[in-house]
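Please have the sequence and the model open.

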Amino acid sequence: MLAWRVHLTLIAAALIAITAQGTAVAGGSAPQRINLHVDSVVASDTHEGVDKRLAGMGRRLHLLFNYSTYRLISHQDGHTECGQMISFMLPGGRILHIQPREVDGDMIAMELVLFQGARPLMTTDLKLKNHGILIVGGPRYEQGMLIISIGADAEQSGRTRSTPTSAVNAE
Amino acid sequence: MADCSEIGLMLGPFEDGELEPHEMQEVARHLARCNDCEKLLLDYGIVGRELRTLASQPALPAPEAFAQTVDARIAKLRVPWRRRSALAFRGWGEQMGAAFASMALAATAAVVTILLLSPAARVYLTRQPAASLARLETKVGEPRQQLASAESPVAVSTPGNSEAIISRLESNIPSVALWSEPQDGTTVIWLPDQPQQ
């Protein structure tokens, strides 16, 4: 009688553990392909307003900075996979390397390296919320400051993977 | 010399041998010459034997044999099906109760495990406390807060509802500002140009 009870308990525990592990594995293997969007904006105090092409980005920039002019210099889209680095050419001879590392739930872990020519200006490891935006700014460009908006979207797993594609300037 | 009334009271104990020796002798001498008392003693003897017969208990078998006999007789009895089913279900219910309790415990452990392994929990657990949250938020619009020094790597985490969690930030620029916009959670890394040498 006792043995039957013990067996039943062990079987139930094993089934639950297998189900839990399956759920965890399914959650961890989420999306692998990453779509990246890099906008280069020049901010200045020339009172020319917000570039219409910035759309919703303009409100966000107004919340963050006090400049009176925001002008979109370039918009680039790139696609890569976790573990593969992608480069974006930025105004002023700057280069941005982005290497997504993993998708952890709703966060995308990645490494960013910003170069001024061959010299690295900044290296950072971060987790960016899926569909979130990170802004890197500060370097001077033309008559203002260069503001780089970096957005990342993780595609759902199961879709066809492709090799990283190079970014294309909008302008 | 005692008369019959006194001897009559002693006949019962005499029959049972409960008198003192000298009393036994006195009663015996009286009975030798008194027919009435002798007849009464005979009657006492008959009544005593009858009572002993009535009071005697039937012999019981040995405890083990008795138990076996009872078991055998119970086995011959037909237990009503309702009684049998009730007994069966009572035992089954106890077993299932213990099994369900064990399963509930295992299920609770599994739920806790799932919650701890969930991405949200991992994000929450890995998020470092941002001691500089208030200080950073007051700087919105004025990116002058210095969080990193030249040649010194910093490990920072943007706070609250920010869209980014920064675990490492290295730069050769003397002052680097980092803040998060509280309204929409946008995180900003500000890298001012170095002054021209």
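I start in chain B, where B:Cys4, B:Ile7, B:Met10, B:Leu11 and B:Phe14 of α1(B) are in contact, meaning heavy atoms within 4.5 Å, with B:Glu23, B:Met24, B:Val27, B:Ala28, B:His30 and B:Leu31 of α2(B). The residues of this contact divide into 9 nonpolar, 1 polar and 1 charged. Here Ala, Val, Leu, Ile, Met, Phe, Trp, Tyr, Cys and Pro count as nonpolar, Asp, Glu, Lys and Arg as charged, and the others, Gly among them, as polar.

This is a predicted model: local features need pLDDT of at least 70, side-chain atom pairs count only at pLDDT 80 or more, and totals for chains, interfaces and linings use all residues. Residues are numbered from 1 along each chain as its sequence is written, chains are lettered from A and ligands numbered from 1 in the order in which they are written, and side-chain values use heavy atoms, with hydrogens and water left out.

Back to the pair. Helix α1 of chain B covers residues 4-16 and helix α2 of chain B residues 21-33; their axes come within 10 Å and cross at roughly 115°. Axes are lines fitted to C-alpha atoms, for helices over the stretch in contact, and angles run from 0 to 180 degrees between N-to-C directions. Helices (H or I, at least four residues) and strands (E, at least two) are DSSP runs, numbered from the N terminus.

Now chain A. A:His47 is not a glycine, yet has a positive phi of about 55°; A:His47 lies in the loop between β1 (33-44) and β2 (49-50). A:His131, also not a glycine, has a positive phi of about 70°, and sits in the loop between β7 (119-129) and β8 (133-141).
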